[in-house]
Amino acid sequence: MRLRRLAVFSSMVAIAAIALAGCAAPTPRIVEGSRLTIAVPGPFTSANSTTSLGTNTANEAVAELTASSFSRENGVGALVNNASFGSVQKVSDNPLKVKYTLSEKAVWSDGVAVDASDLLLAWAANSGALNTVAAKRDADGTVTNQDALNKGVYFDSNAAGSGLNLVTQLPKISDDNRAITLTFTHPFADWERVFPEQLIAAHVVMQHAMPARKYSADAAKRALVTAVQNDDAGALNPVSIFWNHGFDMTNLPSDGSLLVSSGPYVVTGAKENDSVTLTANEHFAAGPLPRVQTITLRLISDPLERAKALAAGDVDMMTADATAPLLAALHDAKNVTLLHSPASAYEHLDLSFASGGPFDPKAWGGDASRARKAREAFLLTVPRAAMLDTLVKPLQPKPAVRDSFMSVPGADAYDDIVDGNDSSRYAAVNLVRARSLLASIGATKPLTVRLLYPASDALRSAEFAQIVASAAQAGFRVTDASSAGWKQRLGDSSYDAALFAWDAGDASVNASESIFGTDGARNLNAFSNPNMDALFEQLDAEYSADKRKALMTQVEKQLFDDAYGLPLYQLPSVTAVDSTVISGVGAQPALSMLLGEYADWKPSASSPAPR
């Protein structure tokens, strides 16, 4: 999960039915000479988006087009399985064993089969099971023990806590080398989605980690499997170093093996801070085939500049959060169709439980009940409906207030969760109830609330102003704690409430536990509730979708009972497309989901000239 506009993690968790979608045998359908230019945020820095340093929008956009996987999430968080790539089967419940089998259609772009060695590398790199040393960082996040990392085995994965960390036993490889079986240390409800969407080629890693051996592809695979199975630190040291940094690049590398792909496209060009060019992969059969022959990703970080590039005809497609300046820049562009959609990110208000302010029990002599009533009173003043009307409706048709922390509107479980989570208590501003609560805890003068949000952010500034005006009527003095460095302040005691957005990147139960669980890696407000932790333990072990939905409803009810904070609404987004160049593009809530629809795009008969 990735935090919206934040280099750390973020998430929006959705519960949804799992859609099984087997792919029919693909048939060639490339439109010869067709080209499409898409504006994406830059920079491009790595062909391995699964490292902590490789995690950024441009790298993930490239991975979306160059990687195949067992499944992907759709716009409401439901899994869509890719039978052309492989299948996932639960073998036993106690202990939990899961078999991941690759299809014979899964082939790297150099013609080498995607097989169990690649899955074993993914386990080794993303589980942490073989690491002999951990990174130490200072207050600024700078690694302070790089020498130790260089000497040991350290895979710098961004997938910590995704579920592979629960597989501490060496996975079993099938005799035909097409499958791998994982044994989990305890039940884990999200067993279908533990592997990252981007696999890294085992043979390429081993060939580069030990170049003096001059391994063939098959020999390299065998050597890597042996190193992992023997927990050979001497061999795994260069393997981990290369996995971490060997795919870092900003320009097109001279060694084409670094760009090997398992997806519909292969990187064939790259210019630093300018563009990445991808060409249809002639070996690809593990999913729907593309129609567009060449896709160029133009690296433009500023959304307004992306809009201007589209209006000028320099790019053909873009997606971004919808803002008034952005829509104005696109409004008069010729041949441009605007597709409005709720973004995958949702805006929310978090309250701090350990800031020393009015929502912290310490401010009330340790009385948790009084602190809870102060939080409830404040949340009852938040004008969610007014925010929606004034800030979102001008940018997106028919927006709606979001009433769930864990499920996205439109997901199969959303309505049922909302019906049972008691979010209705915050359906409208209730100043009378807020004043009554403050009186009941002896608040005789206005309570000061320091509200953190990104400085110079027009949306959050407008939200802040509305909260200030409404909360003042109940007995709160909301002060401006905005900061350009708000990211680094998340989790400290310098504020009492924060406005930001969680972005969808993982719809797993495990992801939500990392936000709301006592020891969650993404718990940024010191929230802790033993009952909540117990519910998550049950969720982790529950495989029934209906029972999981019921447990998630209980989790959400606890969040609203504790006055944790408030979900506000999905951020508005817009996809803009030059209709003379491409058709078949749908409104999607995120760039990754837009790119995931590549097979639906239909280039025009006359493709534009190369730019």
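Which residues touch the most other members of the largest nonpolar core? The views below begin with that core. The model is predicted; local features need pLDDT of at least 70, side-chain atom pairs count only at pLDDT 80 or more, and totals for chains, interfaces and linings use all residues. Residues are numbered from 1 along each chain as its sequence is written, and side-chain values use heavy atoms, with hydrogens and water left out.

**View 1. The nonpolar cores.** Y100, F184, F195, L297 and W601 touch the most other members of the largest nonpolar core, which has 91 residues. A nonpolar core is a set of buried Ala, Val, Leu, Ile, Met, Phe, Trp, Tyr and Cys residues joined through side-chain atoms within 4.5 Å. Buried means under 20% relative accessible area, exposed over 50%, and partly exposed in between (1.4 Å probe, protein chains only). Leaving aside neighbours within four places in sequence, W601 is in contact (heavy atoms within 4.5 Å) with residues including L36, I38, M317 and L594. Another core, of 68 residues, lies apart from the largest one and has W364, V392, L490 and A563 among its members.

View 2. L120 is part of helix α2 (residues 116–127). Helices (H or I, at least four residues) and strands (E, at least two) are DSSP runs, numbered from the N terminus. With a relative accessible area of 1%, L120 is buried. Not counting residues up to four places away in sequence, L120 touches P171, I173, I180, V225 and V228. V228 is 108 residues from L120 in sequence, but the two C-alpha atoms are 7.9 Å apart in space.

**View 3. An open sheet of 4 strands.** The strand order is β5-β6-β8-β7, with antiparallel pairing. Two strands pair if DSSP finds at least two bridges between them. β5 (86–93) and β7 (172–173) are at the edges with a single partner strand each, so one side of each has no neighbour in the sheet. β7 is joined to β8 (residues 179–183) by 2 bridges, and I173 stands opposite I180 in β8.

**View 4. The hairpin of β9 and β10.** Strands β9 (residues 265–271) and β10 (residues 275–280) pair in the antiparallel sense over 6 bridges. There are 3 residues between the two strands, and N273 in the turn has a positive phi of about 60°. V266 stands opposite T279 in β10. β9 is largely enclosed by the rest of the structure, because 5 of its 7 residues are buried.

**View 5. E347 in strand β13.** E347 lies in β13 (residues 336–351) and counts as buried, at 0% relative accessibility. The side chains of E347 and R460 make a polar contact of 2.6 Å. A polar contact is a pair of N or O atoms within 3.5 Å; within protein, one must be able to donate a hydrogen and the other to accept it, and residues adjacent in sequence count only if both atoms are side-chain atoms. Not counting residues up to four places away in sequence, E347 also touches E463, F500, P567 and Y569, among others.

**View 6. Strands β14 and β15.** β14 (residues 447–452) and β15 (residues 476–480) run parallel and are joined by 5 bridges. L447 stands opposite F476 in β15.
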